[in-house]
Amino acid sequence: MGEVILQMKDIDKSFPGVHALDHVGFEVRRGEVHALMGENGAGKSTLMKVLTGIYKKDSGSIIYKGKEVEFHNTREAQDNGVVIVHQELNMVGDLSVAQNIFIGREPRKGLRIDDKKMIEDSKALFDRLRIDIDPTEKMSELTVGKQQMCEIAKAISHNAELIIFDEPSAALTEKEIEDLFSIIRDLKAQDLGIIYISHRMDEIKVITDRVTVMRDGGYVGTLITADCTKEDIINMMVGRVIYEKPKEKSLVPDDAPVVLKVEHLNAGKMVQDVSFELRKGEILGFSGLMGAGRTETARAIFGADPKQSGDIYVNGEKVEINSPEDAVKHGIGYLSEDRRRFGIVVGKSIVENSTMATLEEYMNGIFINKGKEKEAAERYINELGTKTPSSDQLVVNLSGGNQQKVVIAKWLVRNSDILIFDEPTRGIDVGAKNEIYKLMNRLAAEGKSIIMISSEMTEILRMSDRIVIMCEGRKTGEVKIEEATQELIMDKATRQMS
Amino acid sequence: MEKFKQNPLVKKLGFNRIVLCGVLILMYIFFSILVPAVTGSQFAGMSHIMGALNYAYFLGFLSLGVTFVIATGGIDFSIGPVMFCCGLVSGYCLMTYNMPLPVCLLISVLIGALFGLWNGYLVAYWSVPPFIVSMASMNMAKGIASVFTKTQSVSWPRSTDANGWFRNLIKMGGIPTGLICFLVAAVICAIILNNTRFGRYIICLGSNKEAVRLSGVDTRKWQMFAYLMCGLLVGIATIFFVGTYTTVQPGYGDQYNNEAIAGCVMGGTSMAGGLASIGGTVIGVFIISLLQEGILALKLTKDVQLIITGLIVIVAVYADVMARRRKN
Amino acid sequence: MQKKKSLGILSDQKGIVFIIVILLYIFFSIISKDFRKYSTLVMMLDSTYYILLMAIGVTFPLITGGVDLSIGTGMICYGLTGGYLVVQKGFPTWVGLLVAVSFGLIIGIINGVLIAIMDLPPFLATLCTCMMTRGLGSICAKSFAIPWPGAKADGGWFHAIFKLTVGAGRKAMNYPVGVIVLAVIVLIMSFVLNHTRVGRYTIAIGSNKEATRLSGVNVKAYHITAYAISGLFAGLASLAYAAAIPTIQPGTGAGLELDAIGGAIVGGVSPTGGAGSIIGTMLGVFVIQLLKTGLPYIGLEANWQQIVTGLVLIGAVLIDVIKQRRAALEG
């Protein structure tokens with residue numbers, strides 16, 4: 001490890017209602033891969049956004065290459081050699097790979113953009129990184145994994161001295177992850193500083209030199225990776241909230257009736273011949289990498305996206321589901337991974353959101369019975385322990401965990417028996433997460449059946465009675481909780497089908 | 001100021017609406033001073049108020065209609081030409097084919113509704129961008145009206161004519177019945193928007209269509225109904241237009257789009273959808289109507305009004321954009 | 001990929017539109033003898049120049065995912081203002097032309113600022129400028145109808161840009177030189193769209209504005225540029241309009257934007273942004289203009305044209321929607 005390339009001291013940042021960063025310190029040396037860890041919402045991404053100028057810090061200082069700096073935008077950060085490989089892909093789908101890599105700094109001959117040089121340079125870059133991608137291909141036609149590699153190539157091509165990888169492996173297959181690691185090792189050898197954000201403990205152990213852990217917007221500590229165990233890191237991440245051990249055995253009796261049966265479901269590339277059963281009172285975990293087709297499967301079952309073929313049986317009866325309306329009629333509820341976009345109407349009140357799926361039952365002739373509606377909403381505020389001053393509160397003012405409870409309330413008001421929880425705890429802080437877990441267990445005990453899609457292994461192992469694993473649009477395995485191990489699931493989740 | 005905003009009565013009436021009323025009154029005072037100073041004739045007094053009100057009726061119905069569409073996050077700027085199409089086709093039926101008046105009025109409402117349905121169907125079921133649908137409908141309305149009337153203008157019967165009784169809807173004796181009709185319609189619209197499933201769904205889908213759809217609501221149907229509602233109100237607006245101005249010429253009507261949209265967005269309905277205020281729209285319509293009367297009284301041309309209305313819309317929408325930016 | 005290539009010319013919307021253009025021309029020519037005449041062709045071209053110029057310009061805002069509704073009334077406004085200076089105030093023609101074009105550019109930049117900086121919805125901002133330019137045109141020209149100098153009159157030289165008349169009287173021969181001028185402009189703008197930063201970022205903004213911004217592109221500046229180009233071309237269109245139409249009437253122009261925007265969309269510009277080409281736009285405009293010119297020759301009165309154009313526009317968008325839905329299902 002070389003000299004310190006980046007030092008962030010006492011960084012503080014608040015958003016309305018949230019103290020996102022509480023006097024955080026962080027440093028990176030040249031030739032080091034420094035992991036930044038923490039639960040969702042711990043402030044890792046915010047810290048990196050402050051570094052790269054997307055957010056402005058409230059106080060504190062950033063010392064980069066020995067000088068205090070403040071970047072005002074990503075461009076300025078890039079020009080100084082600080083680049084970020086985003087978690088969410090930032091690609092211009094209608095442009096080619098080469099055009100994407102050089103966007104904003106195209107080589108030119110006079111007025112004309114020198115596309116030929118761009119393509120050659122991209123080829124050289126890919127050769128150096130040993131990536132096999134055609135630079136002239138349209139970006140939107142690549143797989144998610146390849147798009148991710150392009151993003152990395154783009155970052156590296158900026159003559160970077162400090163590279164931030166924000167969960168780069170979430171969408172990659174095992175093979176691609178290995179390629180990524182060899183790239184990172186090369187970069188390390190070139191004395192670059194590397195920040196690596198990931199949830200995957202195994203990766204952290206393999207590729208990083210030091211680990212800094214954050215929790216609830218605060219700095220917890222920094223460890224040398226080689227000298228610590230997974231448990232040390234986990235303890236730092238979760239703090240006083242202690243995670244339950246994985247579920248030992250399924251709580252569902254073997255003779256529990258099948259409430260939902262899906263057979264040979266096909267919907268585009270992401271859902272190919274998926275079949276499974278869901279029993280009454282069961283929590284069925286859906287595991288897999290980002291882009292494995294789990295959300296697409298859920299959406300196809302729910303009728304949110306069109307499907308090409310496949311049969312769905314609810315309580316043994318074959319049903320036609322062509323729209324969410326049909327699904328809801330058959331007692332299915334869907335909690336989206338992206339609450340703000342698909343779950344709630346943020347500008348409306350808790351009451352309005354709670355009765356969204358059931359409004360026809362709260363009518364007085366053609367008029368809405370607002371009293372009855374409010375009553376129902378308040379019943380579930382109490383039952384779920386939603387923290388809000390009143391039921392008229394706009395949902396936008398609630399925290400992530402409480403917003404999630406409003407979405408759950410919507411389906412409980414509807415009395416849905418089959419609930420699909422898609423990444424139910426994404427972006428929710430640790431305390432609220434535990435509450436959601438308890439709630440799910442309670443619902444299952446009350447006889448509701450739950451499909452839980454999750455990318456967090458601990459969550460899958462902790463909650464599920466049975467686990468379905470998907471990879472590249474296909475179901476690649478199904479294991480009982482008694483037999484499930486991280487390694488087994490990971491193996492199936494990265495299995496190449498072709 | 002903050003204290004005033006927190007006052008329960010102010011909260012109930014809505015701070016923005018109180019400000020709008022203030023603007024309306026100030027504008028009246030402004031014209032009352034400026035018009036005599038510039039032209040030497042009076043502005044204060046009933047005749048100009050009646051002039052403004054006459055303008056407010058049909059514009060009000062247009063504005064109420066477009067409020068429903070804007071609440072869904074869409075737009076319809078075919079309403080002006082569609083109103084002209086309604087007036088021309090039904091008027092032509094009345095004058096040339098001697099159809100009974102009630103039938104003609106019904107035809108007018110029906111044409112409006114059909115255009116609304118067509119626009120709504122394309123937007124909701126085929127995801128055609130609303131501005132494209134509006135643009136196409138605007139020209140189709142003009143084309144249909146011209147083809148139907150063979151590019152002739154149409155004059156509706158005067159109040160003394162045999163079929164003139166329908167003008168009682170606008171003015172009966174000295175009573176401005178049009179005002180009553182408009183206000184009653186506004187109250188009904190407000191109830192529909194705030195107390196029915198239709199209203200709840202269109203406002204919510206204007207804010208987040210996907211979330212509403214994933215709650216099992218047939219969003220496409222309700223979204224189409226919003227355009228249908230708009231079309232119906234445009235059809236009704238026609239009756240008040242021809243009852244006030246008698247003659248309808250083919251090929252026109254565009255300017256009323258902007259004025260109707262101006263009344264709506266000024267009243268606090270957000271162009272981004274999800275937020276609508278019928279009360280605000282009513283006051284907004286009165287402001288636009290008074291403005292047009294004032295401009296006429298100042299002996300300025302319609303052109304000035306086009307420019308001022310354009311500026312008003314820009315300012316009103318920008319204010320909404322700023323308000324939303326501050327929230328985020 | 002292989003499948004696409006084997007379809008050849010039909011795989012591309014441009015190819016299909018090109019075939020439609022040919023078929024339409026043949027169709028009208030077979031039905032109507034008058035349509036086949038050279039003079040009809042020249043007349044049709046005359047009214048195509050200004051629509052095509054507007055369409056080339058509006059292609060840029062459309063590709064950003066926006067729209068410019070102000071081009072129709074704008075074109076009239078710029079033509080009136082420039083013409084007023086020439087006809088009523090006695091300025092030389094070139095001053096009038098320059099004023100018209102700069103006026104267009106200014107309105108375009110204003111549109112850009114309203115949309116890129118102030119975040120107004122494009123259709124709304126340009127609907128406002130549409131109405132405002134209509135008012136401004138009348139005010140600038142003092143509500144006069146403006147006859148620009150005729151082809152033979154003093155200062156009428158600009159007609160020769162679009163139509164060269166050789167000889168006089170019955171022997172006079174009209175050469176549509178505008179075809180060459182427009183072809184050059186189409187090539188230049190194709191180059192701008194495909195091989196310069198302006199074009200590249202126009203596409204990028206329409207495809208993924210946020211990603212473009214995060215790549216360090218000054219998105220606002222290029223967004224404004226797209227609207228400035230649209231305004232500039234509406235200004236240029238006013239020259240072609242002045243050359244084609246003897247007298248410019250204040251208060252007109254509404255509806256012409258439909259022909260231009262419709263042409264662009266028929267030619268394959270995606271109404272949701274991110275894709276489009278100048279050649280496609282040109283072909284799309286030909287389709288619209290053929291229908292517009294041809295309908296009266298098959299016995300439909302001119303007013304049908306508005307209805308047909310509206311339907312063609314909706315049809316073109318529906319094809320795009322269906323394509324996208326199918327792609328979404330496959331992808």
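Me: How do you know that strand S3 and S11(A) are paired?
Reply: This is a predicted model, and the pairing is read from its bridges. Strand S3 (residues 32-37) of chain A and S11(A) share 4 bridges and run parallel. Pairing needs at least two bridges, so the two strands count as a pair. Within S11(A), Thr212(A) is the bridge partner of Leu36(A).

Me: What joins S11(A) to strand S12 of chain A?
Reply: There are 6 bridges between S11(A) and strand S12 (residues 218-224) of chain A, and these strands run antiparallel. In S12(A), Tyr219(A) is the bridge partner of Met214(A). The hairpin of S11(A) and S12(A) has 2 residues between the strands, and there Asp216(A) takes a positive phi near 45°.

Me: Why is strand S11 of chain A called mostly covered?
Reply: A residue is buried if 20 or more other C-beta atoms lie within 10 Å of its own. In S11 (residues 210-215), 6 of its 6 residues are buried. Both faces are covered. Arg210(A), Thr212(A) and Met214(A) are buried on one side, and Val211(A), Val213(A) and Arg215(A) on the other.

Me: Which strands stand at the edges of the open sheet of 4 strands?
Reply: The order is S14-S13-S16-S17 (chain A), with antiparallel pairing. Strand S14 (271-279) and strand S17 (317-319) of chain A each have a single partner strand, so one side of each has no neighbour in the sheet. Neighbouring strands here are turned by 20° against each other on average, direction ignored.

Me: How do you know that S13 and S16 of chain A pair?
Reply: Strand S13 (residues 258-267) and strand S16 (residues 309-314) of chain A are antiparallel over 5 bridges. At least two are required, so they qualify. Asn266(A) stands opposite Ser309(A) in S16(A). Helix H9 (residues 294-302) of chain A packs on the sheet and touches S13, S14 and S16 of chain A. The direction of H9 makes about 110° with that of S13(A).

Me: And the whole chain: how many helices and strands does chain A have?
Reply: Chain A has 17 helices and 24 strands.

Conventions: Residues are numbered from 1 along each chain as its sequence is written. Chains are lettered from A and ligands numbered from 1 in the order in which they are written. This is a predicted model: local features need pLDDT of at least 70, side-chain atom pairs count only at pLDDT 80 or more; totals for chains, interfaces and linings use all residues. Axes are lines fitted to C-alpha atoms, for helices over the stretch in contact, and angles run from 0 to 180 degrees between N-to-C directions. Two residues are in contact if their C-beta atoms, placed from the backbone, lie within 7 Å. A residue is buried if 20 or more other C-beta atoms lie within 10 Å of its own, exposed if 12 or fewer, and partly exposed in between; C-beta atoms are placed from the backbone.
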